Amino acid sequence: MDTTDRLLGYLKQAEGRFVSGQVLSGALGMSRAAVSKHVRKLRAEGYGIESATKKGHRLTAITPRLVPREIEAALKTKVFGRPEIVHFDRTDSTNWRAKGLAVQDGAEGTLVVAEEQLAGRGRKQRSWFSPAGMGIYASLILRPAISPSGAPRMTLMTAVAAAEALIRATDLPVRIKWPNDLLVGGKKLGGILTEISTEMDAIEYVIIGLGINVNTPRESFPPELLPIATSVRIESGRDFSRSDILAQYLARLEQEYEMINAGRFDRIISRWKALSHMVGQRLIVEELDQRYTGRVEDVEDTGVLLVRDDNGRLHRVYSADITLVGG
Ligand code: BTN
C-alpha cells in the first residue's frame with residue numbers, strides 16, 4: 001500500500017466528511033504540501049476530492065476508472081492480480097501487452113487492464129469493440145503445469161468464473177455459450193480469448209483475455225452490433241463498478257485454477273454445464289469445411305463438444321461457430 005493509498009483510505013473512512021490537512025499530515029507523517037500533492041494525484045486518477053481552507057479535504061466520488069488501486073482494494077486473491085496490475089489508459093490489446101510481459105518472464109497472476117483498446121481482438125481474428133471507460137478489458141498471465149491438450153479447460157474455467165461473478169454482482173441471468181461467449185437473453189455480453197504458448201509438450205504460459213460490456217449505453221454500440229451484443233447497463237438499467245466485478249471474477253478464477261491444479265476439473269465442468277444449458281440444445285455448427293444441424297450430446301472434460309447431427313453422425317467439435325436454435 002503506497003502513501004496515496006493510505007491517504008485515500010483515510011478519506012474513504014471519513015465517509016464524505018472533511019478531514020483536516022493537519023490530521024492527514026500527522027497520520028501520514030508528511031507536510032501539508034505533500035498531502036496536497038497526493039490529493040492532486042488522486043484527482044488526476046478521477047477521484048472527486050473537494051478541498052477547502054480551514055476544513056481540509058473530503059472524498060466526493062470514487063473514480064469511475066478501472067485503476068489498480070480500486071481493483072486492489074476489492075481484491076480477495078492470493079496470486080491473481082498480486083505480482084502486478086499493469087494499467088493502460090489506451091492500448092492496442094491487453095492480450096498483446098500481457099504476452100509481451102509473459103515472454104519477459106512476467107509472473108503468474110500478472111494482470112493487464114485497459115480503459116480502451118484500439119485493436120481489441122476476439123476469436124478467429126475478429127475485432128472486439130472496446131470503447132473507453134465502459135468495459136472490462138483484462139488479460140491475465142498463467143503458467144499452469146498441464147499439457148497443451150488441457151488448454152481448452154482454461155477457457156471453460158474462465159467462462160464459469162466470469163459468468164458466476166456477473167450473476168453475483170448484477171443478478172442478471174448470464175449464460176455461457178460454447179466455447180467462450182457470455183450471453184444475456186441471447187445477446188453477447190462478454191467473451192474470452194485464451195492464447196497459449198507451448199514448448200515441447202508443456203505449456204509455457206497462457207494468456208486469458210476477458211472482455212465484458214459493462215456500462216456501455218445502447219447509443220455507443222455500432223449499429224451492426226446492436227442486434228447481437230448487449231451490456232450490463234442495457235440489461236439492468238444501471239451502472240456497476242468495473243473494479244468490483246473484476247475483483248469477483250479474479251477471486252472465482254483463482255479458486256477454479258486451484259481446483260484444476262488439484263485434479264478436480266469435474267467440479268468445474270458440471271458448473272459449466274449448468275450455466276450453459278448446452279447439453280440437449282439444438283444448434284447449427286459451422287466448421288472450416290462443413291456445416292450441419294444437430295443436438296449437443298455432451299461436453300467432454302477436455303472442452304470438446306459432442307454433437308449428433310440430424311443424420312445420426314456424431315461429431316467431436318474442437319473449434320467452430322455455433323448458432324443455437326430452438327426445438
Ligand atoms: C471473443 O468473444 O471472440 C473473445 C473476446 C475477447 C476480448 C478480450 S478484451 C481483453 C482481451 N484483449 C483482447 O484483445 N481481447 C481480449
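Modeller: K54 sits in the loop between β1 (48–52) and β2 (56–61); strands here are DSSP runs of E with at least two residues, helices are runs of H or I with at least four, and both are numbered from the N terminus. This is a predicted model, where local features need pLDDT of at least 70, side-chain atom pairs count only at pLDDT 80 or more, and totals for chains, interfaces and linings use all residues.

Colleague: Which peptide bond is cis?
Modeller: The one joining W178 and P179, where omega is about -5°. P179 belongs to the loop between β6 and β7.

Colleague: Why is α1 called oblique to α2?
Modeller: α1 (residues 3–13) and α2 (residues 21–28) pack at about 135°, with axes 11 Å apart. That angle makes the pair oblique, because the other names need under 35 degrees (roughly parallel), over 145 (roughly antiparallel) or 65 to 115 (roughly perpendicular). The axes are lines fitted to C-alpha atoms over the stretch in contact, and angles run from 0 to 180 degrees between N-to-C directions.

Colleague: Which residues make the contact between them?
Modeller: T3, R6, L7, Y10 and L11 of α1 meet L24, A27 and L28 of α2, contact being heavy atoms within 4.5 Å. Sorted by class, that gives 6 nonpolar, 1 polar and 1 charged residues. Nonpolar covers Ala, Val, Leu, Ile, Met, Phe, Trp, Tyr, Cys and Pro, charged covers Asp, Glu, Lys and Arg, and the others, Gly among them, are polar.

Colleague: What makes a space a pocket rather than a cavity?
Modeller: On a 1 Å grid over the protein atoms alone, a cavity holds points where a 1.4 Å probe fits but cannot get out, whereas a pocket is an open set with protein on both sides within 12 Å along at least five of seven lines; lining residues have an atom within 4 Å of a point. The largest pocket holds about 960 Å³, a volume being the space filled by probe spheres on points joined across faces, edges and corners. Its lining has 44 residues, with R126, W128, D181, K188 and I228 closest to the centre.

Colleague: Which element gives the most to that lining of the largest pocket?
Modeller: β8, with 5 residues.

Methods: Residues numbered from 1 in each chain as written. Heavy atoms only, no water.
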